[in-house]
Amino acid sequence: MKSLRKRNKVPRKSNPSSTVEKREVDFLKIGIYIFLILASMPIFLGFLWLFIGSVSKSLTYGIIPEGFSFKNWRFLWEKPYPSWPDIWLVSLNTLFLAFGVMIIVVAVSTMAGYVISRMKFPGRSFLLASTLILHAFPAITLLIGLYYVLRVLNLLDSVMGVILARAGLFIPFAIWIMKGFFDGISWDMEMSALIDGASRFQVFRKIMLPMVGPGIAGISIFAFITGWSEFIFVITFIRKPSAWTLTSYVNSVIANWRFVDFGLLAATSLFYVGPVLLFFIFTQKYLMQITVGGMKGGR
Amino acid sequence: MSKRALLNLVVFLLPGLIFTFIFFIIPAVMTGIMGFTGMDYRFQWNFIGLGNYIRMAKDFLIGKILLNTTVYVIGTLAVFNVTFGLILAILTSSIEERAGIFFRGVWLLPRFTPPVVYAVIWLWILSPTENGLLNTLRLFLGLETIDWITRHPWGVIIVTNGFIGASMGMVIFAAAIKSIPRDYRWAARVDGASWLQEIGHIILPMIRWPLLFITAYQTLSLLTSYEYILLITQGGPFYGTTVWSLYAYDVAFSSYAGTFAFGYGAALATVLVVIGIIASMIYWRIFKFKEMMEEPKIEIT
C-alpha cells in the first residue's frame, strides 16, 4: 500500500497524462493477448490437428496437410484389426453408458436433493456430512473394492456395470448440487400448494421440478460427458470386445499404433471427441455453473 | 413424523441410499479389509494380518515412488494448478470480458475431453518421430529430433497434467477477482496505480483464501489422479514416473505386471486414503480456525 499512498499525494493533471496512460494500457492488453494466444497454442493446435490430420493423405511439418483423403476414416466401415468390434456397436455402447449415467444420476439426485433440502428428518445433517465425506474418496481408492462388487454381481465386462459404478460415485456430488438448487427456491409456492391439499410428490413434480431446470440441465450435461468420457472404469472393468466403448477403442489404437499411424489416431479421436466438442460449445454456460461446485473425478 | 411423511422420505431417499451403499460404501470398506488379505486373481479372503504393510515397508520401489509422488504433486501444483491458474485468471480478467470468457473456455476444454483423446493430442505433440509438433519445430530450427517422453519424463507429466489442472484454479480465482468490489480497483487506477501494483496490492491480498483453498483441494486431487500418466508415459521409464496411485493400480490390475495382487493393491490404496484424510484434517483445521468456510463465488459468466 505504501507506494500507492505516495502516489496519492501527486496531484493529477487531467488530459495529457490520461492519453499516455491509455496507450500504455493498450500495449499491455496486446501483450496479454499475445501471451494468452501463445500459451493456449497446444490446445488450439491439438484440436486443429485432429481435424486436419484425420482427412489428409499426409502431413508435412506435423500439421500442414498434403492431399485430401478419407482413408483414415476407413475404420467406420472396416475393422482396423480383425478381432476388434464394429465401431457402430462401440459407439452404441458409449452412448448407452453416457445416457445410463445421466438418467440414473439425474433421477436419483433430484429426488434425494429435494428431500434433503425441504424435509426435516432425523439423521439429515449426518446424511449431508457423509455425502461430503464420500466426495473426498477418490475413485482409485475404491477401484479394487468396486471390482470385487461388480464381479459378485456378475457385472464385469458389461457396460451396465460401468454405468452403475460411475453413477454411484457421481450421486453424492450430484445430490449436493441439486440440494443447492432447491435451497435457492422460495418456500411460498410450495407451501400454498401443500396447504391446498397437493401431495409432496405432486408439489415435487409440478412445482419444484420446473423451477430447478437449470440445475437438472447442468447435472445432465455433466453426467452425460462424464459417462461418455469415462476412462479408468472402462479399461479396468471391460475387457470383452463386445462391451468396448470408444475409450477402449482409441486406447487400443494407441496401444497398436502409438507413434505410427497418426492419421488413424486423429480420426478415431475426433470421432470420439466430436459430440463433446458440440456439447461444450453449446452448453458451456451450464457446465461452468456446475464445474466450480465440485470437480470431475476429484480433479 | 406422520406415516405419509415417512413414506415420502423413503421413496425419495431410498434410491440414493441404495446406490451409495452398494457402489460407494461397500467398496470403500472392502478395500480397507482387502488390505489385510493376500487376495489375488482367485479372489480368496486369506487373511495375512499386516503382511501387505510389511511387504510395503520392504518394497524396494516404495522410496522411489514416494519421491515421484512428491515431485509430481508439488511440481504440478506449484507450476500449473496454482501459479499458472492464477496467471490465467488475472490475465483473462484484465482484457475485454468476452475475450476473457473465450480463453477460459479454451482452457476448460481439456478437462472435458476424454482422457484418451487428450493423450492422443499430446502423443502427437511429443512424438519422437518427425511427425510430432515439437520435433517439427526443432527440425525447423535446424536441430535434431528428440524423444521428449523418455528424455524429459517429468516435464511431460507436469505439463500434460498441468494443462488440465490449471483450469480449476483459473475459474475459481477469476470468480474471486470478479467479486472484488469495483471501487477498490477503480480507486487504485484513479490514484495512478499501475497494472502490476493493482495486482500486487489489491488482487492478491483479496484472493488469498481462494488461493489456499485451491492449494489444499488440488493437493488431494493430484495425489489420486494418475490416468494421464498411465496413458502418456505409462509410469516409465522403469517406474521413473510411477506415482503412488498408479503403483496401486499397477499392482492390482496391470496386465504386464500380470500379478493381480488385489490385497497388496488395496493396502497401497488404503495408505492413500489415510494420507488424504490426514491432509484434509490439517486443511480443515487451518480453514476453520481462520473462519473461511465460505466458498468462493460461483458464477463466472
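In this predicted model, strand β2 of chain A, spanning residues 64–68, is hardly covered: of its five residues, the number that count as buried is zero. The partner of β2(A) is strand β1 of chain A, residues 56–60, and the two run antiparallel, joined by four bridges. Within this pairing, Thr60(A) sits opposite Ile64(A) of β2(A). As a general point, side chains in a regular strand alternate between the two faces of the sheet.

The contact between them draws on five residues of domain 1 and six residues of domain 2. On the domain 1 side of chain A, the residues touching domain 2 comprise three nonpolar and two polar residues, with no charged ones.

Because 15 other C-beta atoms lie within 10 Å, Asp40(B) is partly exposed; the count falls between the limits of 12 or fewer for exposed and 20 or more for buried. Leaving aside residues up to four places away in sequence, Asp40(B) touches Phe260(B), Ala261(B) and Phe262(B). By contrast, Ile149(B) is 109 residues from Asp40(B) in sequence, and their C-alpha atoms are 33 Å apart in space.

In chain A, Asp157(A) has a phi near 60°, a positive value in a residue other than glycine. Asp157(A) is located in the loop between α5 (139–152) and α6 (159–183) of chain A, and its 16 C-beta neighbours inside 10 Å are why it counts as partly exposed.

In chain B, Gln234(B) likewise is a residue other than glycine with a positive phi, near 55°. The loop that carries Gln234(B) runs between α12 (227–232) and α13 (244–253) of chain B. Gln234(B) has 15 C-beta neighbours inside 10 Å and is therefore classed as partly exposed.

Methods. Residues are numbered from 1 along each chain as its sequence is written. Chains are lettered from A and ligands numbered from 1 in the order in which they are written. This is a predicted model: local features need pLDDT of at least 70, side-chain atom pairs count only at pLDDT 80 or more; totals for chains, interfaces and linings use all residues. Two strands pair if DSSP finds at least two bridges between them. Two residues are in contact if their C-beta atoms, placed from the backbone, lie within 7 Å. Ala, Val, Leu, Ile, Met, Phe, Trp, Tyr, Cys and Pro count as nonpolar, Asp, Glu, Lys and Arg as charged, and the others, Gly among them, as polar.
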